[in-house]
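Notebook open, viewer running. I want to jot down what I look up as I click through this one.

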Amino acid sequence: MALNAFANVFRIAELRSRLAYTLVLLSVYRIGIFINTPGVDRSAMNAFMDAQKQSGGLVSLFNLFSGGALEQMSIFGLGIMPYVSASIIIQLLAVVVPSLERLQKEGAAGRQKINQYTRYGSIVLSVVQGVGISRWLASLGRSDAGQGGFNQVVVPNDNVWFTFMTVVSLTAGTAFIMWLGERITERGIGNGISLIIFAGIVARVLPGAKTLLDLTTQEVVNVAAVLGLLFFMLLIIGVVVYVERGMRRVPIQYAKRMAGRRMFAGQATYFPMKVNASGVIPPIFAGAVLSFPATLGAWFPFLQGFQRSIEGNLWVYNGLFVLLVVFFSYFYTALTFRPDDVADNIKKQGGYIPGIRPGRQTAEFIERVLNRLTFGGAIYLAIICVIPSVISSVLGVRFTFGGTALLIVVGVALDTVQQIEGHLISRNYEGFAGPRGPRIRGRVRVAA
């Protein structure tokens, strides 16, 4: 069945064109990873990143989400994180700034304006982070602070011109990645920003597996520990797929009604509420917030000490991460799901929840169910994101791909497959699970 569905993908001209467009733009992104910024000694940078891989930490995580661009000191070194950070700031501001709140309620036109503000914010953050990256590069090999004894100079000629060129290169790279993501969303398949993050993580799978294999061959790492880690990773992937497809079905009863000259009979249906309505946004936002001290360290040196203190203690870092994931789960769900609007729509369509009065009581019931689901979803996200690093630490196996990376890869894959299946079904083709099989259900988009 699945093979027939894959064959059908290439029988639809529009779907074939969208897939080709997406693959071409993702290829452009991957090629850009190998265009490095001027003034950086690439061999010294690679040596520094090799040393960081052994110790892990925020630099390795940042390198993973940038698809290895930081290791290459590419023009795409900042990746898409400035855009993610700008999205966080704009959405936080929308809670306290009335004009932004009004824009959110204006539909497509308002969202377009907010996207425009997010792009401007991304450029500003790219400039700030570009200055931080340039100062950090210049310090490598010249200072022992947080570098574990690394003594190779990465920037041979540190001057104002190097800082300027680094900031311009990284800012232009981030703007180009944003453009690629938006083009994929508009003319390709899937969410472009999500797919770029997905491509960056997946591209690091083979190098990470090779490193693990080399360590096993050299008997640095126990084979049984590696097998145990892989088993847990497969188990986590299975749990992610199961929970992401989970939902609470709230029953809705529609009474008999007239619409024009047509009579519609009463019917019973349900309103789906996902267990994890916020998708992968909470862990991405939490990671971005925890990286702020490192980003602003070039401007406020005391933040570098704070960053090193939380990175040096796994339990403190994971504790802060869990608290932020829970907070952003409630925050993002409250932004994207409004029980009052849902209750009004049900009432306008002549529906009601059995045993619940339409209107305010329905809104309160939906909000109560939503809060319970969000709590469960937040705990699920926190466990999935933290437990791989804990297991890796217990087994003594350094593994680059944490729970956040697994969550993003599985979630984006489900979302993209769902969109492809939607194209197939809309043209009377079978889905990937056959004519009687379940439909693939994805998740909310990674980027706002």
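This is a predicted model: local features need pLDDT of at least 70, side-chain atom pairs count only at pLDDT 80 or more; totals for chains, interfaces and linings use all residues.

I started with Glu186, which is partly exposed at a relative accessible area of 49%. Its side chain meets that of Arg183 in a salt bridge, 2.4 Å from N to O. Both sit in helix H9 and are three residues apart, so about one helical turn separates them.

Next I wanted another salt bridge inside a helix. I found Glu14 and Arg18, joined at 3.1 Å, N to O. They are four residues apart in helix H2 (residues 13–32), so again about one helical turn lies between them. Glu14 counts as partly exposed, with 34% relative accessibility.

Then I looked up Arg135 and Asp158, whose closest N and O atoms are 2.7 Å apart in a salt bridge. This pair links distant parts of the chain: Arg135 is in helix H8 (residues 108–139), while Asp158 is in the loop between H8 and helix H9 (160–187), 23 residues apart. Arg135 is partly exposed at 32%, and Asp158 is partly exposed at 34%. How many salt bridges does a search of the whole structure find? I got five.

On to the rings. I counted nine aromatic pairs in the structure. For Phe231 and Phe232, the ring centres are 5.8 Å apart and the planes meet at 65°; edge-to-face needs over 60 degrees, so this pair is edge-to-face. Are these two buried or exposed? Phe231 is exposed, at 53% relative accessible area, and Phe232 is partly exposed, at 33%. Elsewhere I noted an aromatic cluster made of Tyr29, Phe76, Phe176 and Trp179.

Tyr270 took me to the strands. The charged end of Arg249 sits over the ring of Tyr270, 4.5 Å from its centre. Tyr270 is also the bridge partner, in S4, of Pro251. I checked the strands themselves: S1 (residues 247–254) and S4 (residues 267–274) run antiparallel, joined by eight bridges. S1 is also joined to S5 (residues 351–352) by two bridges, antiparallel as well. There, Gln253 stands opposite Tyr352.

Last, I zoomed out. The chain has 18 helices and five strands. Of its 448 residues, 46% count as buried. The chain exposes about 22,300 Å², and carbon and sulfur atoms supply 63% of that. For contacts with a separation of 6 or more, I wrote down that 74% are between residues 24 or more positions apart.

Technical notes:
Residues are numbered from 1 along each chain as its sequence is written. Side-chain values use heavy atoms; hydrogens and water are left out. Rings of Phe, Tyr and Trp (its six-membered ring) pair if their centres lie within 6.5 Å; planes under 30 degrees apart count as stacked, over 60 as edge-to-face and the rest as tilted. Buried means under 20% relative accessible area, exposed over 50%, partly exposed in between (1.4 Å probe, protein chains only). A charge sits over a ring if NZ of Lys or CZ of Arg is within 6 Å of the ring centre and within 35 degrees of the ring normal. Contact means heavy atoms within 4.5 Å. Accessible areas come from the Shrake-Rupley method with a 1.4 Å probe; for residues, only the protein chains shown count as cover. Two strands pair if DSSP finds at least two bridges between them. A salt bridge is a side-chain nitrogen of Lys or Arg within 4 Å of a carboxyl oxygen of Asp or Glu.
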